[in-house]
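Below are some notes on the helix packing and a few single residues. Please read them with the coordinates open.

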Amino acid sequence: MRKDILPKVFGWMFLGLVVTFVAAYTVSLNTNMLENIYSGGTYWILLIVELVLAGVLSVRIRKMKGVTATCLYLFYTFLTGLTFSFIFVAYEMSSIIFIFLVTAILFGIFAIIGKFTKMDLSRIGTYLFMGLLGILILYVVNIFIANETLDMVACIISIVIFLGYIAYDVQRILRSDYQIEDRNLAIIGAFSLYLDFINIFIDLLNLFGNSKD
């Protein structure tokens, strides 16, 4: 069990969150940048690049050099910041800060569970993945029917799934037997937990965020 890896993982995850939220806030203050991102097809291009980069990181990161993995991870968090800039336009700052703190508390609780539980959480990995696929299908369906109740249900289920993923990912990182350098393992772990955090944050914001309307 690689007990010394978690501080590095959390450090890189925190840095990724800082990059994302600083980028998002900076863009939200610039009308021209907002128009460039959300007009035409720029936003969708950025989303596609994000998805491709996420796939590359998930599949190839174990074989990358530490510097390459780090740069791609930070670039991904920056791209996420560009596409997240709308939250600072759509929601009250006090609401964003409050939801961020709630997300951080929930993250901390389930990270502790993942670190100290004696239960083998690898058994729930398949169920979490199946639930994630189900949520993705619900979101796609709701794009066409735009049902608020379905959206709320999907957000709640998504929060539960990603809370489970936090504990699962932390335990997986600790028990990792990857024959790779700690720098890459730290980035792998940070990337997984970063995605967990961001998804929970967005779902909570959708449910409880106060809009500026």
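1. Helices here are DSSP runs of H or I with at least four residues, numbered from the N terminus. On that basis Thr83 falls in helix α4, which covers residues 66–83. The model is a predicted one.

2. Is Thr83 buried or exposed? Its relative accessible area is 2%, and the cut-off for buried is under 20%, so Thr83 counts as buried. Apart from neighbours within four places in sequence, Thr83 is in contact with Tyr38, Tyr43, Leu46, Leu47 and Glu50.

3. With residues up to four places away in sequence not counted, Tyr43 touches Ile37, Tyr38 and Thr83. For a distance along the chain, take Tyr43 and Ser85: they are 42 residues apart, and their C-alpha atoms are separated by 11 Å.

4. How do the axes of α2 and α3 cross? Helix α2 spans residues 31–38, and its axis comes within 5 Å of that of α3, at a crossing angle of roughly 75 degrees. Angles of 65 to 115 degrees count as roughly perpendicular, so α2 is roughly perpendicular to α3. On the α2 side the meeting residues are Asn36, Ile37 and Tyr38; on the α3 side they are Thr42, Tyr43 and Leu46. Sorted by class, this contact has four nonpolar residues, two polar ones and no charged ones.

5. Both ends of α2 deserve a look. At its start, a side-chain oxygen of Asn30 reaches to within 3.0 Å of the backbone nitrogen of Asn32. Just after α2, Gly40 has a positive phi of about 65 degrees.

6. Next, the nonpolar core. The largest one has 58 residues, and the members that touch the most others are Met13, Ile87, Leu193 and Phe201. Helix α9 (residues 182–208) gives the largest share of this core, 15 residues. Which residues does Phe201 contact, leaving aside its neighbours within four places in sequence? They are Phe21, Ile87, Ile96, Ile99, Phe100 and Thr103; Ile87 is also among the residues listed above as touching the most other core members.

7. Leu17 belongs to helix α1 (residues 6–28). Its relative accessibility is 5%, which is why Leu17 counts as buried. Beyond neighbours within four places in sequence, Leu17 is in contact with Tyr194, Phe197 and Ile198. The C-alpha atoms of Leu17 and Thr77 are separated by 7.1 Å, although the two residues are 60 apart along the chain.

8. Finally, a loop residue. Thr117 sits between α6 (93–116) and α7 (125–145). The side chain of Thr117 reaches the backbone nitrogen of Met119 at 3.2 Å. Thr117 and Phe78 are 39 residues apart along the chain, and their C-alpha atoms are separated by 34 Å.

Definitions and conventions
Residues numbered from 1 in each chain as written. Predicted model: local features only at pLDDT ≥ 70, side-chain atom pairs only at ≥ 80, totals over all residues. Heavy atoms only, no water. Contact = heavy atoms within 4.5 Å. Axes fitted to C-alpha atoms, helices over the stretch in contact; angles between N-to-C directions. Helix = DSSP H or I, 4+ residues; strand = E, 2+ residues; numbered from the N terminus. Parallel < 35°, antiparallel > 145°, perpendicular 65-115°, else oblique. Nonpolar A, V, L, I, M, F, W, Y, C, P; charged D, E, K, R; others polar. Polar contact = N/O pair within 3.5 Å; in protein donor to acceptor, adjacent residues only side chain to side chain. Core = buried A, V, L, I, M, F, W, Y, C linked by side-chain atoms within 4.5 Å. Buried < 20%, exposed > 50% of the residue type's maximum accessible area, 1.4 Å probe, protein only.
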